[in-house]
Amino acid sequence: MTPDQIKLVQDSFREVVPIKTAAAALFYEKLFAIDGSLKALFRATDMNKQGAKLMAALGFVVHGLSRAETILPTVQDLARRHVGYGVEEHHYPIVGQALIETLDAGLGEAFTQDVREAWQAAYGLLAGVMIAAAREVQLAA
């Protein structure tokens, strides 16, 4: 990611924070609309708490993008835990699509093409790290 992309992601996320509860609910609505089978991964989950965790994780990652090396171990640990929850590699593009659709809806006109591309780059970085960590867990099993 370029420094300009990092700034776009961080600046646009500040606009999401005031609507974080609604954004999290919209994210899961979009996620389940894209792939209804993913609901099974959350059947015993308090979705309000899950939404708060999602927004906290996003905030952590967004704020750490300018010093990615400091957040990568936490992101890798998150990916390893997700393997235990049943998350599979093919789920990552679905999550990315739901995230972009949520940001588009939540940010409206502020979700410009440059902001979209910056978020896609950020998610690509995050997903790549998580997929690599998940593969290590699966190879060790």
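Trainee: How many cavities of 30 Å³ or more are there by this rule?

Mentor: The count comes to three cavities of 30 Å³ or more in this predicted model. About 100 Å³ of space lies in the largest cavity.

Trainee: What makes a space of this kind a cavity?

Mentor: A cavity is a set of points where a 1.4 Å probe fits but cannot get out. Of the 14 residues lining the largest cavity, Val 16, Ala 23, Leu 99, Thr 102 and Leu 103 are the closest to its centre. Two or more lining residues come from each of α1, α2, α3 and α5. With five residues, α5 gives the most to this lining.

Trainee: Which residues of α1 are buried, and what covers them?

Mentor: Ile 6, Val 9, Gln 10, Ser 12, Phe 13 and Val 16 are buried in α1, and buried means under 20% relative accessible area. Their cover includes α2 (20–34), α3 (47–64), α5 (91–107) and α6 (113–140).

Trainee: What makes the pair Asp 11 and Lys 7 a salt bridge?

Mentor: The cut-off is a side-chain nitrogen of Lys or Arg within 4 Å of a carboxyl oxygen of Asp or Glu. For Asp 11 and Lys 7 the N to O value is 2.6 Å, so the pair qualifies. These residues are four apart in helix α1, and are therefore separated by about one helical turn.

Trainee: Why is the pair Glu 136 and Arg 80 called a salt bridge?

Mentor: Their side chains meet at 3.8 Å, N to O, which is within 4 Å, so the term applies. This pair links distant parts of the chain, with Glu 136 in helix α6 and Arg 80 in helix α4, 56 residues apart. Glu 136 is partly exposed, with a relative accessible area of 47%, and Arg 80 counts as partly exposed at 30%.

Trainee: How do you know that Arg 135 and Glu 89 form a salt bridge?

Mentor: The N to O value of 2.5 Å is within 4 Å, so Arg 135 and Glu 89 meet in a salt bridge. The pair links distant parts of the chain: Arg 135 lies in helix α6 and Glu 89 in the loop between α4 and α5, 46 residues apart. Salt bridges that share partners also join Lys 7, Asp 11 and Arg 14 into one network. By this rule there are six salt bridges.

Trainee: Which residues touch the most other members of the largest nonpolar core?

Mentor: Leu 31, Tyr 92 and Trp 119 do so, in a core of 41 residues. Two or more core residues come from each of α1, α2, α3, α4 (68–85), α5 and α6. The largest share, 11 residues, comes from α6. Leaving out residues up to four places away in sequence, Leu 31 touches Leu 38, Phe 42, Ile 94, Val 95 and Ala 98.

Methods
Residues are numbered from 1 along each chain as its sequence is written. This is a predicted model: local features need pLDDT of at least 70, side-chain atom pairs count only at pLDDT 80 or more; totals for chains, interfaces and linings use all residues. Side-chain values use heavy atoms; hydrogens and water are left out. Buried means under 20% relative accessible area, exposed over 50%, partly exposed in between (1.4 Å probe, protein chains only). Contact means heavy atoms within 4.5 Å. A nonpolar core is a set of buried Ala, Val, Leu, Ile, Met, Phe, Trp, Tyr and Cys residues joined through side-chain atoms within 4.5 Å. On a 1 Å grid over the protein atoms alone, a cavity is a set of points where a 1.4 Å probe fits but cannot get out, and a pocket is an open set with protein on both sides within 12 Å along at least five of seven lines; lining residues have an atom within 4 Å of a point. Grid points are joined across faces, edges and corners, and a volume is the space filled by probe spheres set on the points.
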